[in-house]
Amino acid sequence: MDGTSSQQLKLNVNSALQHTINQNRTSRNQSCRNNCMIDQLPDDILIAILSRMGVEEAVRTSVLSSRWRYLWKHTAIYNSEKLEFDDMDTGTGTKMNEMKFKDLVNHVLKSHQGPLVESLIIRYDNVRDRSIDIDKWIYFAMKKEVESFELNLSSCDVWFHCGYKFPEFLLSHSSCSTPSFKFLRSLVLVYVDIEDEVVRYFLDSCYHIEEFCIIGSNATKNVEVVGRSPFLRVLEISECWNMQSIKISAKYIFYLTYQGSEISLQIERTPMFFELALGGEFCESFIYEPNKHSSYSFQLKNLALILQAEFPFGRERTIAPADLPRLHALEQLELNIESQVGRSLLFFTSLIKASPRLREFRIQVNVFAAKYILC
């Protein structure tokens, strides 16, 4: 079945399901309900239809009638190795009710019969109450020995941080005979406060981890990747405003993203380290104080810089520093700049001149007008 036919089938099925729901809600007589065409289909056809739906849509059908109550449990969802939950409907842009979302996640995870789950993704931005449900979701991930786990608690309100702290007590009791993250390959934590000790646990205990992403943690301060996690390839630490230092000495790591305030960054004995993405104050340090980064910048092949070049009151920079080091290996350069109207960006041409092997250059400039209020 091609994509168009599958989409049309889903639309027809959803229409039929909505028709059945409306019938039940308005308490129409039994003969009218029996006339609904979809109710005349055999179970195996209905199960095949449900298998093409998302988790939320499939579970919702359980309230239609006693016949539908357990049909979804016979679908692939019930034994799925990949589970994804998002309280935001990307199609309509609307959010699920907080209690309904938690009930949905809890119901599916509790009912899941498969021995393992390869991937678990939970995106939920209504965290304003007790965290016991989230603790259970993490424990489920450990029990099912997930390889990829994403817990995203970011909010549409940029000023809101839920303050959820990764439960260290779940990890402190893990052993060979208890649930753990020993098969974890990818971990993404967004707006989850994670202490340095817990970061060390993942780097020390998750031998197979390849990707580690921490965004918006207020508890992370010092991260060391030294002789740990031999398979770690990708590390991202962004918007962790209490960060103080990052130290990396890992043989196979090749990609680092850091967006935040200026910190102490040590990168040494990393022969495979070729890609770097920087943003925030630290990005400015890389550009305007290049000698501080010369110990690793010479080996970069891909470089992405996210910079707010506002210069609201200071002197505009148009001349590169005389001691700008050569980016001998750089092949791809990407600049994402926010700048005031009329500000010169000629300074950034110095990065091009310092890159003799550059093959690809991309730049995106978001321009805004400066507004000053005089008191």
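**Note on the predicted model**

1. At 33% relative accessibility, Lys 95 counts as partly exposed, because buried is defined as under 20% relative accessible area, exposed as over 50%, and partly exposed as in between, with a 1.4 Å probe and protein chains only. This is a predicted model, in which local features need pLDDT of at least 70 and side-chain atom pairs count only at pLDDT 80 or more, whereas totals for chains, interfaces and linings use all residues. Residues are numbered from 1 along each chain as its sequence is written, and side-chain values use heavy atoms, with hydrogens and water left out.

2. Lys 95 forms a salt bridge with Asp 125, where the closest N and O atoms are 2.4 Å apart; a salt bridge here is a side-chain nitrogen of Lys or Arg within 4 Å of a carboxyl oxygen of Asp or Glu. The pair links distant parts of the chain, with Lys 95 in strand β3 (residues 94–95) and Asp 125, 30 residues apart from it, in the loop between β4 (119–123) and α6 (132–143). Helices (H or I, at least four residues) and strands (E, at least two) are DSSP runs, numbered from the N terminus. Asp 125 is buried, with a relative accessible area of 8%.

3. By this rule the count comes to 16 salt bridges, and a network of them links Glu 84, Asp 86, Arg 123 and Glu 150. Side chains of opposite charge can pair when their charged atoms come close.

4. An open sheet is formed by 3 strands in the order β8-β10-β12, with parallel pairing, where two strands pair if DSSP finds at least two bridges between them. The edge strands are β8 (222–226) and β12 (264–267), each of which pairs on one side only. Between β8 and strand β10 (residues 245–249) there are 5 bridges in the parallel sense, and Glu 224 stands opposite Lys 247 in β10.

5. Ser 249, also found in strand β10, is buried, with a relative accessible area of 11%. Its side chain reaches the backbone oxygen of Glu 268 at 3.5 Å. The side chains of Glu 268 and Arg 269 meet in a salt bridge (3.5 Å, N to O), although Glu 268 counts as partly exposed at 28% relative accessibility, while Arg 269 is exposed at 62%.

6. Which residues does Val 105 touch, not counting residues up to four places away in sequence? Val 105, in helix α5 (residues 98–111), touches Phe 85, Ile 122 and Trp 137, contact meaning heavy atoms within 4.5 Å. At 0% relative accessibility, Val 105 counts as buried.

How values were computed:
A polar contact is a pair of N or O atoms within 3.5 Å; within protein, one must be able to donate a hydrogen and the other to accept it, and residues adjacent in sequence count only if both atoms are side-chain atoms.
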